[in-house]
Amino acid sequence: MKKEITKEQVMGLLLSACPSYTKRWEKYLEENYEDGDEQLLYIDVADFTNHVIELYRLNETEEFEPVFEVIELLHIQGDEFVKELATIGLLEDIQLSLTDKQEHDFFIKYLKPDSLKWWNYLIDFWSGKLFNEKTKSPS
């Protein structure tokens, strides 16, 4: 059995996939945490997704392939917290930053199979197609 990815590993994986975020990440840590503070990973990845959206707006998408490979890896090999973070913290934050169908469609080409299922699940959820709590998630 493979070892699951834990929340402590997430930012390292994202930074490996997206080196352009490194300086911003260092500044973010300096401005938001003191020694010994517990990191708030959902807020941390929100800043990361803001960076991804900025890259998209600048048409600097060279790192998107590895970024979305990591997001897929988080969906497949993450522990329960990490899997949820990959959907709610990363994919949903990206979707909420996009303004129209054309922008949503742009990201489809980078999504791997599990991430695409969760991407579509979020769209269905927010469009009201999933109106019943008993509706099954795509897993």
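Contact here means heavy atoms within 4.5 Å. The model is predicted, so local features need pLDDT of at least 70 and side-chain atom pairs count only at pLDDT 80 or more, while totals for chains, interfaces and linings use all residues. Numbering runs from 1 along each chain as its sequence is written, and side-chain values use heavy atoms, with hydrogens and water left out.

**H1 against H3**
- Helices are DSSP runs of H or I, at least four residues, numbered from the N terminus.
- On the H1 side, Lys-7, Val-10, Met-11 and Leu-14 meet Leu-41, Asp-44, Val-45 and Phe-48 of H3.
- Sorted by type, the residues of this contact come out as 6 nonpolar (Ala, Val, Leu, Ile, Met, Phe, Trp, Tyr, Cys and Pro), 2 charged (Asp, Glu, Lys and Arg) and no polar (the others, Gly among them).

**Ile-5**
- You'll find Ile-5 in the segment before H1 (7–17).
- Skipping neighbours within four places in sequence, Ile-5 touches Leu-13, Leu-73, Leu-74, Gln-77, Gly-78, Asp-79 and Val-82.
- Ile-43 sits 38 residues from Ile-5 in sequence and 19 Å away in space, C-alpha to C-alpha.

**Asp-47**
- Apart from neighbours within four places in sequence, Asp-47 is in contact with Tyr-21, Arg-24 and Tyr-28.

How values were computed. Helix = DSSP H or I, 4+ residues; strand = E, 2+ residues; numbered from the N terminus.
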